[in-house]
Amino acid sequence: MSHVSIRHGWKAVALAGVMSLGLAACGGGSSSGGSGSSDTLSIGASLPLTGDFSEPGSAAKQGYQVWQQLVNANGGLLGKQVKLVIKDDASNQNTIVSDYNALISQDNVDMLLGTFSSLLNLPASSVAEKNQMLYVEPAGGSPDMFNRGYKYLFFAQQATADKQGLVFADWVKSLPPSQRPKTAAYPTLDDPFAAPNVDGIRQVLEAAGIKTVYKTTYAIDTKNFDSIVAAMKSANPDLVVHGATFEDGVGLTRAMLKSGWTPKMFYETSTPSFADQYTKAVGAGNTEGVMYAVSYSPETDTPGNKEFVAEYKKMFHTAIPPEDAADAYAAAQVMQAAVEAVGSIDDQLKLADWLRSHTVDTILGPLSWDDTGAPQGQFLIGQWLNGTAEIVLPPNVATAKPEVGWHPSGS
Amino acid sequence: MTEFIQTLVLSLLVGGIYALVASGLTLIFGVMRVINIAHGAFLILGAFIAYTWWNQLGLDPLVGVVITTPIVFGLGWLIYRLLVRPIRHAPMSSTVLLTFGLALVTEGVMGVIWGNDSTSINPSYVDQSFHVGGVFLPKAQVYGGALAVVVLVVLWLILTKTWLGRAIRAAAANPASAELVGIKVTSVAAVVFGLGLAAAGAGGAITGVLYPFLPGSHYLWIARLLAIVVLGGLGSIEGAVISAMIFGLAETVTAVYISPAWATAVPYAIVFAVLLIRPQGLLGTRLRDDAVAT
């Protein structure tokens, strides 16, 4: 079976390679609506409904749909019913550019909403900026998003990625010496959101005298975390701060458990915020004490949150909305607030100027921005305690007190 | 020394699983000259079937290969009969396009059935390890690696010790002559397509236990599998096995001794380096038209 023409084989493999790259680029356009007419206002977004980011992408779509439902039930926006035009970018940076161009030039949408992950929002926001359209993104907290001098870009969470873990870092610093970790490890995914998040915490903790004993960055297609854990086991840090999305967060956690070594404290980005999916993936008993930054809590008494949770449950038959759905809902709330305040969508620079000078109440809490569109608030810190995701910091919105230590007890 | 042994063992366990899945891809190419872009999607399908077997019936997911393998074999046989056979003699690019579409459809169907959430299979031993000296051997990897070897041996026995295997090898070596001696090449090809996908289905049950997955996870797998079969020599199962071991070793050794940041890049660098010296891959064979072309 080894007698294969190299020439023919290479042609096919070359094509296959291009196709496998193209796989991600061909998500196609599924839409749930059409262009706006005189009595409708069409709002376009392209989301990663398939591919690597399909998980947050699908949740974001739900968030936008809940917002559409509630807005239309309350008379619409500027007196018009809202229609969503949602495309699938298949988690691909090239597809998302063509999708947003198509939304503007072919679907003729009136407004845009952002997509998920910094990777996808970076190119998508450029299309919006070029077309002078307001672009409120539900994710995309990388600092790189906001150093380009854009005027139409706004991030609808409380803080950019580099500042999301600062509340946690300050809390660690404030611990009494007997409880405070002396050493820390910082493995992170090579990702514009996860890496700055971890880096922000590392800088604060190093300045506080907590020694870095291990630091590494791994590629997005890393599946095997045993070697990273073996290296961490040798360094034996008191605290592990892991920059993760989801699958890698599960992979590293499971690798630590398999190795028989776990740190005294464990902080991880994103993964622990995936509620049921997280507990199923790592085992409920292994979540005890894990800490993470989070933008939303279903328990929080923010304006409109009860309505959002109730409508989400009604539409999707799930009691707890995922954080990504809430972020998308908040992004739509921000866009809505600007449109209603200005009273027109013809000059979208006016909408952006209004957002720059006002605070908007959302289900995540009040949001405000600097001139670059970067938010100026404080992130929440969550912790898994007794099988429940609690908000433990900052104290004024906490649902439980933070506890020191990760206590995995098996699946 | 302990760290080195640990690295070596983990490499071989990972490589064994890569070998199983890549063998199906190279088998299909060897006999049919079809680059099956949907191979990764059927790996994930195998993982989802194993998940359902474990989640709904409470049975061990690795034992699930007894169900994932025949189901995916049957699907492969059917897909060949309905989709691949009509364009069997079309240019190779047509089958690439076909399997590309098949990957997208399979991903979509999996999304509809199981949803786009990340899925994990967590049998009781998933977080446990064997501890030998200072070395830890994760039980899931050990069981999965052993199972991969068993399935590979069964595949090898089918190909070398049975009439079907001889027919497959004859059809691969010279389809026209195989027809002359009474081998129905089309029927053989349908079985080969089924066997190739069945290897992916068996691999899916194993990788599903080792790594979380979702319908879109096949993108990461197909790139890695294509590199493995090219390094091994297109169509060579022995080459795919050796190449998979090299891949597993390169990934793990790089992660431990250089940096995890380079762990997924170094194996591809090795592929480039080897192909510069041996364009036909490790165990591929240069034919006359290749020599003429150069």
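Reply: Helices (H or I, at least four residues) and strands (E, at least two) are DSSP runs, numbered from the N terminus. This is a predicted model, in which local features need pLDDT of at least 70 and side-chain atom pairs count only at pLDDT 80 or more, while totals for chains, interfaces and linings use all residues. Residues are numbered from 1 along each chain as its sequence is written, and chains are lettered from A and ligands numbered from 1 in the order in which they are written.

Me: OK, where is B:Val72 found?
Reply: B:Val72 belongs to helix H3 of chain B, residues 65-84.

Me: And is B:Val72 buried or exposed?
Reply: B:Val72 is buried, since 29 other C-beta atoms lie within 10 Å. A residue is called buried if 20 or more other C-beta atoms lie within 10 Å of its own, exposed if 12 or fewer, and partly exposed in between, with C-beta atoms placed from the backbone.

Me: What does B:Val72 touch?
Reply: Leaving out residues up to four places away in sequence, B:Val72 touches B:Phe42, B:Leu45, B:Gly46, B:Leu197, B:Ala198, B:Ala200 and B:Gly201. Two residues are in contact if their C-beta atoms, placed from the backbone, lie within 7 Å.

Me: Switching to chain A, which residues of H3(A) are buried?
Reply: In H3(A) the buried residues are A:Thr95, A:Ile96, A:Asp99, A:Tyr100 and A:Leu103. They cover an arc of only 130° around the axis, which puts them on the same side of H3(A); the arc is that of the directions from the helix axis to the C-beta atoms.

Me: Why would spaced-out residues point the same way?
Reply: An α-helix has 3.6 residues a turn, so residues three or four places apart point the same way.

Me: What about A:Asn236?
Reply: A:Asn236 is not a glycine either, yet has a positive phi of about 50°. A:Asn236 lies in the loop between helix H7 (226-235) and strand S8 (239-242) of chain A.

Me: How do H7(A) and H10(B) cross?
Reply: The axes of H7(A) and helix H10 of chain B (residues 237-257) come within 9 Å and cross at roughly 25°. That makes H7(A) roughly parallel to H10(B). Axes are lines fitted to C-alpha atoms, for helices over the stretch in contact, with angles running from 0 to 180 degrees between N-to-C directions; angles under 35 degrees count as roughly parallel, over 145 as roughly antiparallel, 65 to 115 as roughly perpendicular and the rest as oblique.

Me: Which residues make that contact?
Reply: The contact is made by A:Ser227, A:Ile228, A:Ala230 and A:Ala231 of H7(A), together with B:Thr252, B:Ala255 and B:Val256 of H10(B).

Me: Last topic: what is the peptide bond from A:Leu393 to A:Pro394 like?
Reply: The peptide bond from A:Leu393 to A:Pro394 is cis, with omega near -10°, and A:Pro394 is found in the segment after strand S14 (388-393) of chain A. As background, most residues other than glycine have a negative phi, and most peptide bonds are trans.
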